[in-house]
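Welcome, and thanks for taking a look at this structure with us.

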Amino acid sequence: MKGLVVVLALLLAAALGSVRGELELRRLRDQAPPGSRPHSVTITEFGAVGDGKTLNTVPFQNAVFYVRSFADKGGAQLYVPKGRWLTGSFNLTSHLTLYLEKGAVIIGSKESSQWPIVEPLPSYGQGLDLPGPRHRSLINGYNLTDVVITGNNGVIDGQGSVWWQWLRSHKLNHSRPHLVEFLHSEEIVISNLTFLNSPAWSIHPVYCSNVTVHNVTIESSLDAPRTDGIVPDSCSNLCIEDSTVSVSHDAISLKSGWDKYGISFGRPTSDIHINRVNLLSSSGAALAFGSEMSGGISDIHVNHLRIRDSYKGISFKTSPGRGGYIKQVAISDVQMENVHVGIEFTGNCSSHPDASFDPSALPVINQITLKNLIGTNISVAGVLSGIDGSPFTAICLSHLNFSMAADSASWSCSKVAGYSEMVFPEPCTELRDPSSSSSICFSLSRLAVNVEPGCFLV
């Protein structure tokens, strides 16, 4: 009898513990900022197990399918509690908030079969690594509106090392996937999360508008191949602020399509604001423009960059065959430390999606203003190399002071023209034309009063 009482007591305690656990889960879910969503569900309601081993692709897919029913009722929140949630690729839906609680980690599967094959982007004509189709990203949105991916510093980990090994050993069958990708979408917010070890790029909005990336941390191994951080691609009205990116290739890279595919698609990247970000790029550039810029890049405003331990600080990249333009760019208040090349302009990025590119499609680089740059331990102040028949013009440097590393070079310039004032070390003669004046410069007077537009939260 006594044994029966003990067993019943243990069963009762277990039941009470389970109830308490469920109540605590509901309490945390209900306390999570709802993103103005009147409805909320938890991933465990769809059979997900957060043990880091159980594959949860189907629970994530089923959860998103379920919350579609709330689209005309104000939308819904999908809550991911503490745990390690292994999954393959899944799609989101409109009017959704995906919320990751503190201690919640969404883990990308190491099985390539969990990342379906999709067509290449029409503005690129092929995948990032190989001709033909590509793997779909871990978290995707297509033709969506009003989507929030946020949390209490939850984590999305792509476990990219296996993809990096396949790329190095030439065992990839299709181009690598990204962590988060939105196509043809609007009113997107990504905030308060950490992104780790993407197979390729971490956050890739393409053909999107009204996008905010706020308070995110992005990290990958510094020897990983071509792992970019945030890549706005043929997007408009986009803002990145208060974030930290530390990757092997370009930390923030603005793009708009590749050669004839980008030219024919014809969607530029424009009206971009980047404020208060910390960047590190071990083998690329902290802030990059191009080289895939065939749809055009313009009206870019960057303030308060902190760049450290990087191969290049700020880089503008293009090539004959790209067409398009990079113009009306204003960058202000930048601190660099331990950077090999502070400023780069190059017209010699010779990669092309195929051999049928038109070398007479020359890009235009014009009206680029960099103001209030301070650098310490800079090896090369700047390398500026334009294109025969299409020199880079109206490149303006104002109030730039680089403390150079020992045995370092200063400036190298060819096929460029512009204006400079208060620059040390003294720039090349192409940027000191006495016939030039600040009137050729984009937004130089506005930058002088330090206007810093903030991000909008949609």
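Contact here means that heavy atoms lie within 4.5 Å. With that in hand, please note that this is a predicted model. The mean pLDDT of the protein chain is 91, and the structure holds two disulfides. The largest pocket has a volume of about 440 Å³.

**Confidence**

- A pLDDT of 70 or more is reached by 89% of the residues in the protein chain.
- Residues 447–451 are a stretch to read with care, as pLDDT stays under 50 there.
- For residues 447–451 the model has twelve contacts beyond four places in sequence.

- You can find tryptophan 163 in helix H3, which covers residues 161–168.
- Tryptophan 163 has a relative accessible area of 0%, so it counts as buried, the cut-off being under 20%.
- Which residues does tryptophan 163 touch, leaving aside its neighbours within four places in sequence? They are Ser109, Ser112, Trp115, His135, Leu172, Arg176, Pro177 and Pro199.
- Glutamate 111 is 52 residues away from tryptophan 163 along the chain, yet their C-alpha atoms are separated by 9.8 Å.

**The largest pocket**

- With its volume of about 440 Å³, the largest pocket is lined by 31 residues.
- Closest to the centre of this pocket are Leu128, Trp201, Arg226, Lys255 and Glu292.
- Two or more lining residues come from each of strand E9 (134–135) and strand E21 (297–317).
- Strand E21 gives the largest share of the lining, three residues.
- Sorted by class, the lining of the largest pocket has 14 polar, ten charged and seven nonpolar residues.

**The disulfide of cysteine 396 and cysteine 441**

- The sulfur atoms of cysteine 396 and cysteine 441 are 2.0 Å apart, and the two residues form a disulfide.
- This link is left-handed, with -90 degrees about the S-S bond.
- The pair links distant parts of the chain, 45 residues apart. Cysteine 396 sits in strand E24 (residues 392–414), while cysteine 441 is in the loop between strand E25 (416–424) and helix H5 (444–448).
- Both cysteine 396 and cysteine 441 are buried.

**The disulfide of cysteine 413 and cysteine 428**

- Cysteine 413 and cysteine 428 also form a disulfide, with their sulfur atoms 1.7 Å apart.
- The angle about the S-S bond is -55 degrees, and the link of cysteine 413 and cysteine 428 is left-handed.
- Cysteine 413 has a relative accessible area of 16%, so it is buried, and cysteine 428 counts as buried because its relative accessibility is 12%.

**Other cysteines**

- Is cysteine 208 buried or exposed? Cysteine 208 counts as buried because its relative accessibility is 0%.
- Cysteine 349 also counts as buried, at 18% relative accessibility.

Notes: Residues are numbered from 1 along each chain as its sequence is written. This is a predicted model: local features need pLDDT of at least 70, side-chain atom pairs count only at pLDDT 80 or more; totals for chains, interfaces and linings use all residues. Side-chain values use heavy atoms; hydrogens and water are left out. On a 1 Å grid over the protein atoms alone, a cavity is a set of points where a 1.4 Å probe fits but cannot get out, and a pocket is an open set with protein on both sides within 12 Å along at least five of seven lines; lining residues have an atom within 4 Å of a point. Grid points are joined across faces, edges and corners, and a volume is the space filled by probe spheres set on the points. Helices (H or I, at least four residues) and strands (E, at least two) are DSSP runs, numbered from the N terminus. Ala, Val, Leu, Ile, Met, Phe, Trp, Tyr, Cys and Pro count as nonpolar, Asp, Glu, Lys and Arg as charged, and the others, Gly among them, as polar. Buried means under 20% relative accessible area, exposed over 50%, partly exposed in between (1.4 Å probe, protein chains only). A disulfide is a pair of cysteine sulfur atoms within 2.5 Å. pLDDT is the predictor's confidence in each residue, from 0 to 100.
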